[in-house]
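Have a look at it first, and then read on.

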Amino acid sequence: MRRELHAEWTKLRTVASPAWLLLTAITLTAAMSAAAAAAVSCPSAGCDQDITKVSLMGVQAGQAVVAILAVLAISGEYSTGMIRTTLTAMPRRVTVLTAKASIVTGLTLAAATIAVLASVLAGRLILPGNGFTAAHGYAPLSLADGPTLRAAFGSVLYLGLIALLSLGFAAMVRDSAAAIGIVFGLLYVLSILPVMISDPDWQRLLWRISPMSAGLAVQATTHLSSLPLSPWAGLGVLAVWAAAALLGGGLALRLRDT
């Protein structure tokens, strides 16, 4: 796959939009995490906040930019007609999609690592000033703490899986606007539905199948027994969504004409 990987890397690094989108994802994630940390407080009477999850809140905003980046990585070629040249030069279509997925995911994971580290640092600096101190039972955020490290590492993987999910749907529908609409609907609309339904059984089911709600369970470090899914199981739900999207995208790319 060396030739395909080199081709996809050349495409992404020779246009400006991927670099700007990655920079935007990093900035937006860190900024929203810092804003979330600044918005919460712990009064002298005590509080019950999951400060790790609060500090990683920006991932919910940054994932939108990651989704756009992944969608444009393939749908942009359909809109310009470049996909015909790509598949003529590299006729193994599934290999082309695999190369795209590898490059996009690698770039996303690199950007996500920077964004998550910046978010944790922002929480470590901001939260003590809002009352989250040792006196109230809160140690400073640190990656040396096992649950915090799991939440941070899981958030990086979460963004990588969002990229794969988005790439798969883009390969299926080929249109940028339609693919972005589908991905945003799955992430944001499906995560809101449990709040709009009063039946607790349906709430729990929708929460467990929602790629965003289930996937972000990996950020939780407190009250884990109350979650519908364990942190890693929740991330596994998102992984299943991403695998299904890539499978559908691969089949569509292989069976349909360009």
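What follows covers the cavities and then the disulfide.

This is a predicted model, where local features need pLDDT of at least 70, side-chain atom pairs count only at pLDDT 80 or more, and totals for chains, interfaces and linings use all residues. Residues are numbered from 1 along each chain as its sequence is written, and side-chain values use heavy atoms, with hydrogens and water left out.

**Cavities**

The whole structure holds 2 cavities of 30 Å³ or more. A cavity here is a set of points on a 1 Å grid over the protein atoms alone where a 1.4 Å probe fits but cannot get out, and lining residues have an atom within 4 Å of a point. Volume is the space filled by probe spheres set on the points.

| Cavity | Volume |
|---|---|
| Largest cavity | About 40 Å³ |
| Second largest cavity | About 30 Å³ |

Among the residues lining the largest cavity are Leu22, Ile26, Val66, Thr108 and Leu159. Its lining has 8 nonpolar, 2 polar and no charged residues. Helix 2 (16-39) and helix 6 (93-126) each give at least two of the lining residues; helices are DSSP runs (H or I, at least four residues), numbered from the N terminus.

The second largest cavity is lined by residues including Ile51, Arg124, Phe132 and Leu141. By class, 7 are nonpolar, 1 is polar and 1 is charged.

**Disulfide**

There is 1 disulfide (a pair of cysteine sulfur atoms within 2.5 Å). Cysteine 42 and cysteine 47 form this link, with their sulfur atoms 2.0 Å apart. The link is left-handed, at -95° about the S-S bond.

Notes
On a 1 Å grid over the protein atoms alone, a cavity is a set of points where a 1.4 Å probe fits but cannot get out, and a pocket is an open set with protein on both sides within 12 Å along at least five of seven lines; lining residues have an atom within 4 Å of a point. Ala, Val, Leu, Ile, Met, Phe, Trp, Tyr, Cys and Pro count as nonpolar, Asp, Glu, Lys and Arg as charged, and the others, Gly among them, as polar.
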